[in-house]
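Keep the structure open and follow along.

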Amino acid sequence: MRAVIIAIGVAFLVSLLATPLAIKVFARLKAGQPIRSLGLASNEGKKGTPTMGGVVFILATVIAYVAGHLALTTLPDAQIAQVEPTITALVLLGLMVFSGAVGFIDDFLKVRKRHSGGLNKRGKLFGQILVGAIFGVIALYFPSSMTDASGATTNTETVGSTTLSFIRDIPALEIGKIASVIVIILVVMAATNGVNLTDGLDGLATGASVMVLAAYALIAFWQYRHWCADPTYTANPNNYCYAVRDPLEIALIAGAAAGACVGFLWWNTSPARIFMGDTGALGLGGLIAGMAMSTRTILLLPILGGLFVIITMSVVIQIISFRTTGKRVFRMSPLQHHFELAGWSEVNIVVRFWIIAGIGVAIALGLFYSDFLASMG
């Protein structure tokens, strides 16, 4: 637990203190966000606000992970299953960094062209598929080889699973490695686009992501405390355990990312002095997808990230309705802009949408814990 707390604190401080520096650097480089004229009140006065701020909290997360691991090395071996960096960390941080890199290319092209159109849809889609495929393969083809004091192997889990999962793996839904890689790619695409569509009002995507990542930190730490690879816990046959790989790593990275986003939110809240850009939105989406995969809660993610689902569906509904009937269901999509045109203030929309995000997180955590109670009963 100490390592997780240290990672959260380091990530928060690095992000909080480094973001003002990033604002000055990006402003000097004239890396301002191009704003389309859509008649939205929230767009007024935002032209030229520095973008690509996601670079800050992505780097803060990586730095905090290193700091957390330095803390782990001071703990007795009996309290920690693995102190060396793992494939789990490679997959989670890799998804965050390389998804963020796809977004960075998009942001860079927008800034360079001085136009809101950056990387084309095919290019962005290809980048998401490539990142999801690479880390999906790593997640499924590299099992753990943890051993106990006697030299016996105690954990052969992979980061991902060949079985679809809700609160845990569902044995009846075994789909094999190839299909599982495809599922991981789809989850990465869904999560990155969901966070990206939610980004658009000051602090909206950042605050919602904090809640989701904090929830994953709690889930992963709970799994660590009830881990099948922990002989001190599974010594009692009545104890229900979670068959996952490196849950403490997952909790550490989720907590670090949440702390980094909170530090960034200090500067990103209305009126924002910097935007996360596609760099941050895609980076967060990639990490959230990795969290769902590694904690074996893929089908729980639509509830946990309920706000992202709602906003994404508003875009899908709008497109289908307009192409089939020629009529729009919403004044504008994504959904937050519909309420802007309805007269809601930006701050009201953000706070109320945060409440919706919090409800989704609360329901998901309730389902997770109730399943544990049922398993123990």
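Start at Leu287, which is found in helix H9. The model is predicted. Is Leu287 buried or exposed? Leu287 counts as buried, because its relative accessibility is 0% and the cut-off for burial is under 20%. What does Leu287 touch? Leaving aside residues up to four places away in sequence, the partners are Leu92, Met96, Leu213, Ile253 and Ala257. Take Leu213 from that set. Leu213 and Leu287 are 74 residues apart along the chain, yet their C-alpha atoms are separated by 8.8 Å.

Leu92 and Met96 belong to the H3 side of a contact, and Ile253 and Ala257 to the H8 side. Helix H3 covers residues 87–113 and helix H8 covers residues 247–268. Their axes lie 9 Å apart, and the packing angle is about 25°. That angle makes H3 roughly parallel to H8, because angles under 35 degrees count as roughly parallel. The crossing of the two is right-handed.

Look along the H8 side at the spacing of the residues. An α-helix has 3.6 residues a turn, so residues three or four places apart point the same way.

Thr86 is found in the loop between helix H2 (54–72) and H3. Thr86 counts as buried, because its relative accessibility is 7%. Its contacts, not counting residues up to four places away in sequence, are Tyr65, Asp246 and Glu249.

Arg296 counts as buried, because its relative accessibility is 3%.

Two prolines come next. Which way is the peptide bond from Ser270 to Pro271 set, cis or trans? That bond is cis, with omega near -5°. Pro271 lies in the loop between H8 and helix H9 (277–294). The peptide bond from Ser333 to Pro334 is also cis, with omega near 0°. Pro334 sits in the loop between H11 and H12.

Helix H11 has 20 residues. From its first C-alpha to its last it reaches 28 Å, close to the 28 Å expected at 1.5 Å a residue. Which residues of H11 are buried? They are Gly306, Leu307, Phe308, Ile311, Ser314, Val315, Gln318 and Ser321. These buried residues pack against helix H5 (176–198), H6, H9, H10, H12 and H13. After H11 comes Gly326, with a positive phi near 80°.

H13 is one of those neighbours. How do H11 and H13 meet? H11 spans residues 306–325 and H13 spans residues 346–376. Their axes come within 7 Å and cross at roughly 120°. H11 and H13 are therefore oblique to each other. Leu307, Ile310 and Ile311 of H11 meet Phe353, Ile356 and Ala357 of H13. By class, this contact has six nonpolar, no polar and no charged residues.

Finish with H13 itself. Helix H13 has 31 residues and reaches 45 Å from its first C-alpha to its last. That is close to the 45 Å expected at 1.5 Å a residue. Its buried residues are Glu346, Ile349, Val350, Phe353, Ala357, Gly360, Val361, Ala364, Phe368, Asp371 and Phe372. What do they pack against? Their neighbours are helix H6 (204–225), helix H7 (231–234), helix H10 (301–304), H11 and helix H12 (335–341). Phe353 and Ala357 are among the buried residues of H13, and both take part in the contact with H11.

Methods: Residues numbered from 1 in each chain as written. Predicted model: local features only at pLDDT ≥ 70, side-chain atom pairs only at ≥ 80, totals over all residues. Heavy atoms only, no water. Axes fitted to C-alpha atoms, helices over the stretch in contact; angles between N-to-C directions. Helix = DSSP H or I, 4+ residues; strand = E, 2+ residues; numbered from the N terminus. Parallel < 35°, antiparallel > 145°, perpendicular 65-115°, else oblique. Left-handed = near helix turned anticlockwise from the far one by under 90°. Contact = heavy atoms within 4.5 Å. Nonpolar A, V, L, I, M, F, W, Y, C, P; charged D, E, K, R; others polar. Expected span 1.5 Å × (residues − 1). Buried < 20%, exposed > 50% of the residue type's maximum accessible area, 1.4 Å probe, protein only.
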